[in-house]
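Got the sequence and the model open? Here is a quick briefing to read alongside them.

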Amino acid sequence: MALIETGDTAEAGRRLDVLCQSLPAESPYHALFVYNRGLALLRAGKQDHALSLFAAVLDSGCFENPRSSLYAFYPLLLNGLAAAYAIKGDVATAEHWQGLAHDHITPERSGMLLLNDTYIGIRAGRCAVVVKDAEASWAKAEGCLPGAQMQALRVLCAFALATTNPNGVNDAKIRQFLEAVQPCRPAQFDHLVINWPQLRDFLAEHGFAAASQAGTAAAAEQARGRPRPRREAQA
């Protein structure tokens, strides 16, 4: 997970591939490695492939047993499915999976879902509400989410405010959110802007040029490629 959060998704993928191959498919820990491999793919902008891995883990049933130590990952798996669909632009399906994630997470860990809640809410047009909801749950999120995801949350809050900014009333707050994002890595937010040109343009306007360039390249690469079957992988 550390490699994924620091943006080295290629190395994370290589290591996770080795781990996946080292265990039999029926092992529940194989499913855990496949889930993390899906996260690496999601951060690399390959949401279709990530969906196929998440679906395989879901089909395996390894995370769904409340008596299993892996049950803690079940709402995160559902959150991952929701994130992949949201990035694809399928908001209705994303909201379905995100609702299930909330059904299975404890209140103490609910902050882990806030980034995706915000992303989906903005894509669904609830810009006036999501920032208030995010601020109300900010302390929970800070206790659960790594720094890179909190940076992404700030970017999304700034974007939401910019879409509802009559006469510049939100300018100061937008600046506050964006200044708190720095320093960040080049291309750190590329996976968020795929299939979302308005967010890509907003980031480019505010100096996140790598997101604009790399996000466009990733979207073009996906448009050229064939979508993978949702359940092609075996957990």
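Predicted model: local features only at pLDDT ≥ 70, side-chain atom pairs only at ≥ 80, totals over all residues.

Residues are numbered from 1 along each chain as its sequence is written, and side-chain values use heavy atoms, with hydrogens and water left out. The protein chain has 14 helices and zero strands, with helices (H or I, at least four residues) and strands (E, at least two) taken as DSSP runs numbered from the N terminus.

**Overall picture**

- Of the 235 residues in the protein chain, 49% are buried; buried means under 20% relative accessible area, exposed means over 50%, and partly exposed is in between, using a 1.4 Å probe and protein chains only.
- Take the contacts in the protein chain with a separation of 6 or more: 63% of them come from residues 24 or more positions apart, where contact means heavy atoms within 4.5 Å.

**The nonpolar core**

- In soluble globular proteins, nonpolar side chains tend to be buried together.
- Here the largest nonpolar core has 74 residues, a core being a set of buried Ala, Val, Leu, Ile, Met, Phe, Trp, Tyr and Cys residues joined through side-chain atoms within 4.5 Å.
- Tyr35, Phe63 and Leu199 have the most contacts inside that core.
- Helix H5 (residues 74-88) supplies the largest share of this core, with eleven residues.
- If you skip neighbours within four places in sequence, leucine 199 touches Val155, Leu156, Phe159, Leu192 and Val193.

**H8 against H10**

- Helix H8 (residues 127-136) packs with helix H10 (residues 147-163) at an angle of about 145°, and their axes are 8 Å apart; axes are lines fitted to C-alpha atoms, for helices over the stretch in contact, and angles run from 0 to 180 degrees between N-to-C directions.
- On the H8 side you'll find Cys127, Val130, Val131 and Ala134, which meet Leu153, Cys157, Ala160, Leu161 and Thr163 in H10.
- The residues of this contact split into eight nonpolar, one polar and no charged, counting Ala, Val, Leu, Ile, Met, Phe, Trp, Tyr, Cys and Pro as nonpolar, Asp, Glu, Lys and Arg as charged, and the others, Gly among them, as polar.

**Cysteines**

- The count of disulfides is zero, with a disulfide taken as a pair of cysteine sulfur atoms within 2.5 Å.
- Cysteine 127 counts as buried because its relative accessibility is 12%, and cysteine 62 is buried too, at 19%.

- Most residues other than glycine have a negative phi, and most peptide bonds are trans.
- Glutamine 182 and proline 183 are joined by a cis peptide bond, with omega about -5°; proline 183 lies in the loop between helix H11 (171-181) and helix H12 (190-193).
- Alanine 187 lies in the loop between H11 and H12 and has a positive phi of about 70°; its relative accessibility of 36% makes it partly exposed.
- Asparagine 167, in the loop between H10 and H11, has a positive phi of about 60° and is exposed, with a relative accessible area of 82%.

**Serine 60**

- Serine 60 is in helix H4 (residues 47-60) and counts as partly exposed at 31% relative accessibility.
- The C-alpha atoms of serine 60 and alanine 31 are separated by 7.6 Å, with the two residues 29 apart along the chain.
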